[in-house]
Amino acid sequence: MNKTLKKGLASGLVLFLICGCSSNEEENKTSSLKSIELELDDDNKYYTKETIEVEIDTNPDYQLTEDDFSLFGGEIEVKKDTAYLTFKSAGTFHVYAQVDDVKSNTLTITIKSSTSSSTTSKTKEEIEDNKEDEKEEVVEKKDKNDLTDWENLRDADSSKVISSQDVINAKGTYTDQTFAMEGYVPLDGDGTYMETSDGQRISLTGLEIEYTGKIRVYGTFDGNSFKVRTYCAYSNTKVKEQDD
């Protein structure tokens, strides 16, 4: 046998042994695989075009590939011990991994449309905004009817103001009643009374009046004087301080 033939046979034998060893190692590694476990986050709110991470746990350690997975309707990419799933359409999907006779648990994933998610979120925000608007509107309506607030008293329509003539003519009706009146605190007055347009002089008690000029008061009439709870002055001229 010549040297060239011997060298060729020797090289072929070495290559055969290397391939055989490599094949046996891979086969032994695969045959030693006992289990595959896939784990998904408990939060099942997943949407289209979202990347979903699935943790891979093998016993013993074994590197899975995309070809080891069964998934219809989605795309998968495997990196080390994590599989990354993406779905372009909504629906319910099933995924599992299998190497020879070793099969993992099956994951069921429900995918919702990302557009419907944003629409739902927007709808919820709009509902919350509407609720807040309704609350504010109720408060606003309630405040407008509350004449203890001087701004509301100032803006109240004339039908809410009782004329002094009506009060004088029907004292029994208005005694111990709460209502609004209008008058003028004289420039030389001390804020303890006001004069009305029909010449009546109404004593003011309760809240101290600090301004002169046109005034609208809200309080209770006891038959002789008006106990002020709130007032609105239309002038910023203060009453003169009385000398001691």
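Welcome: the tour starts with the rings, as the structure holds 3 aromatic pairs (rings of Phe, Tyr and Trp, the last by its six-membered ring, with centres within 6.5 Å; planes under 30 degrees apart are stacked, over 60 edge-to-face, the rest tilted). Select Tyr174 and Phe179: their ring centres are 5.4 Å apart and their planes stand at 70 degrees, so this pair is edge-to-face. Both Tyr174 and Phe179 are buried (under 20% relative accessible area, with exposed over 50% and partly exposed in between, using a 1.4 Å probe and protein chains only).

A note on the model: it is predicted, so local features need pLDDT of at least 70 and side-chain atom pairs pLDDT 80 or more, while totals for chains, interfaces and linings use all residues. Residues are numbered from 1 along each chain as its sequence is written, and side-chain values use heavy atoms, leaving out hydrogens and water.

Next, pick Arg201, which lies over the face of Tyr193 at 3.5 Å from the ring centre (NZ of Lys or CZ of Arg within 6 Å of the centre and within 35 degrees of the ring normal). Then show Lys214, whose charged end sits over the ring of Tyr234, 4.7 Å from its centre.

Move on to Glu208, in the loop between strand S12 (201–206) and strand S13 (213–221) (strands are DSSP runs of E, at least two residues, numbered from the N terminus). Glu208 is exposed, at 62% relative accessible area. Its C-alpha lies 7.7 Å from that of Thr192, 16 residues away in sequence.

How values were computed:
Helices (H or I, at least four residues) and strands (E, at least two) are DSSP runs, numbered from the N terminus.
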